[in-house]
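Dear colleague,

Please find below the sequence and structure that I am handing over to you. A short account of the findings follows.

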Amino acid sequence: MPDPQLQADGARVLADLTTLRGFGAYKSGVHKPTFSEPHMRSLEWLAQRLPEAGLAAEIDGIGNVLGSSPKSGPKLLAGSHLESQNYAGWLDGPLGVVYALEAARVLNPAPGVNGAVEVAAWCDEEGHFGSFLGSRSFVGSLTEADIDAARDRSSGRTMRDALREVGLAGRARATAQRGRHIGYLEAHIEQGQLLEGGGLAIGVVTSIVGIWQYRISFTGEQNHAGTTRMAVRRDAGLALARFCVAIDDRFPGACGPRTVWTTGHITLDPGAPSIIPGRAEMLFQIRDEDPEVIGRLEDLLQDMAAEVSAQGRCRVAIERIRTGAPALMDAGFQQAIEAASATFAGGRSIRMPSGAGHDAQVLATIMPSGMLFVPSIGGISHHWSENTDDADIVTGAKVFVDACRRLLSA
Ligand code: GLV
Ligand code: MN
Ligand code: MN
């Protein structure tokens with residue numbers, strides 16, 4: 001068992017998570033959309049904690065919080081995000097940020113530790129305004145034009161207006177200094193049931209899924225719902241509903257073993273019971289760890305759209321609006337997490353892919369990256385009832401801090 005001075009303080013981790021849960025509390029979860037008041041309070045809270053870990057804090061021009069160390073030696077970047085989905089869980093994001101803070105508080109002042117953990121909270125991982133805007137800004141793959149185009153998907157508020165309203169407009173965006181970091185480590189709740197079902201404490205993430213998203217638009221003819229006979233209608237809403245069912249019939253013939261697809265949002269225009277919708281739109285997402293599988297499914301979608309359009313009642317157009325490449329996690333990082341699990345979790349760990357997207361897949365484009373998962377009760381997430389046993393949170397913190405220690409000394 002390593003030096004007790006170099007171990008996570010479980011009570012402190014739970015207390016910090018409870019504090020963050022108090023900002024934007026909703027039932028047993030939180031409502032903390034990007035740039036909302038409780039989100040900004042969470043960023044300020046973190047910035048005020050970072051000096052306790054010997055880190056200089058900065059909130060940059062995209063809303064990332066970064067803590068940098070003046071120590072010499074290797075630097076490990078660690079973190080996650082602080083905003084939530086709407087009316088969602090308290091641990092999705094904050095768990096990884098608090099673990100990173102704890103690792104920095106434990107390891108940075110320790111005389112025997114060479115180098116430091118630097119902490120990051122990436123803005124808008126949950127995609128209120130776009131996809132991974134904060135971490136993409138940090139790795140240099142977000143343009144000013146991307147920010148100009150970004151709008152809050154719930155309110156329509158532009159990102160530029162939001163940045164102005166929270167006082168971040170005009171601040172510089174921090175970007176990675178090449179060679180500064182030995183890599184990036186992120187912890188997260190599993191958001192699935194593999195760990196709980198197997199009585200396991202730690203998931204060692206091997207890869208993170210790719211996420212492709214589409215806007216699928218149907219154009220028919222708006223008309224009177226009482227006087228237009230069924231045989232002559234060009235009902236865009238009905239065409240959309242049929243398309244959803246057709247996807248479920250045809251994707252299984254072309255997908256991979258772990259592909260998932262979701263229609264997450266539907267609009268009917270004008271959306272009134274006495275009017276046949278002339279237009280309809282759905283937001284559709286595909287996830288898989290193999291870009292070839294996603295490409296195959298995209299081709300199938302296009303074929304299906306062409307078939308519907310050829311039938312003549314409604315035209316279907318497909319626009320790809322998000323591509324998130326899948327990422328492999330670094331082998332050395334996986335080994336460090338497994339070794340830490342052997343010490344602090346009785347070896348109750350398993351290697352597993354992530355079906356959720358995470359900032360680690362963006363960081364992995366420029367540095368070795370790794371992730372660990374802790375169990376989710378009932379596998380529930382993106383819902384306010386999301387939770388994890390306190391004992392599992394504490395075990396995860398101890399494994400995380402020890403994995404950081406191992407990576408810094410490797
Ligand atoms: C991240 O929250 C995701 O939707 O995978
Ligand atoms: Mn998350
Ligand atoms: Mn999430």
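I begin with one residue: at 8% relative accessibility, Asp-16 counts as buried, where buried means under 20% relative accessible area, exposed over 50% and partly exposed in between, with a 1.4 Å probe and protein chains only. Please note that this is a predicted model, in which local features need pLDDT of at least 70 and side-chain atom pairs count only at pLDDT 80 or more, while totals for chains, interfaces and linings use all residues. Residues are numbered from 1 along each chain as its sequence is written, chains are lettered from A and ligands numbered from 1 in the order in which they are written, and side-chain values use heavy atoms, with hydrogens and water left out.

Asp-16 and its partners

Arg-105 forms a salt bridge with Asp-16, and their closest N and O atoms are 2.7 Å apart. A salt bridge here is a side-chain nitrogen of Lys or Arg within 4 Å of a carboxyl oxygen of Asp or Glu. Arg-105 lies in helix 3 and Asp-16 in helix 1 (residues 10-22), so the pair ties together parts that are 89 residues apart in sequence. Helices (H or I, at least four residues) and strands (E, at least two) are DSSP runs, numbered from the N terminus. Arg-105 also counts as buried, at 8% relative accessibility.

A salt bridge also links Glu-102 to Arg-105, with 2.9 Å between the closest N and O atoms. These two residues are three apart in helix 3, which means that about one helical turn separates Glu-102 from Arg-105. Both Glu-102 and Arg-105 are buried.

Elsewhere, Arg-157 forms a salt bridge with Glu-165, at 2.4 Å between the closest N and O atoms. Arg-157 is partly exposed, with a relative accessible area of 23%, whereas Glu-165 is exposed, at 55%. Salt bridges that share partners join Arg-12, Asp-16, Arg-49, Glu-52, Glu-102 and Arg-105 into one network. The search of the whole structure finds 20 salt bridges.

Three further buried residues

Arg-322, in strand 14 (residues 315-324), is buried yet has no salt bridge; the nearest side chain of opposite charge, Glu-125, is 6.6 Å away. Not counting residues up to four places away in sequence, Arg-322 touches residues including Phe-132, Trp-212 and Gln-285, a contact being heavy atoms within 4.5 Å.

Ser-84 is placed in the loop between strand 5 (75-80) and helix 3 (94-107). Ser-84 counts as buried because its relative accessibility is 3%. Its contacts, leaving aside neighbours within four places in sequence, include His-31, Lys-32, Glu-126 and His-128.

Val-117 belongs to strand 6 (residues 116-121) and counts as buried, at 0% relative accessibility. Beyond neighbours within four places in sequence, Val-117 is in contact with residues including Leu-55, Leu-76, Ala-100, Cys-404 and Leu-408.

The protein as a whole

The secondary structure comes to 12 helices and 17 strands. Of the 410 residues of the protein, 55% count as buried. Along its principal axes, the C-alpha trace spans about 80 × 45 × 40 Å. Residues 24 or more positions apart account for 79% of the contacts with a separation of 6 or more.

Yours sincerely

How values were computed. Lys, Arg positive; Asp, Glu negative; His and termini not counted.
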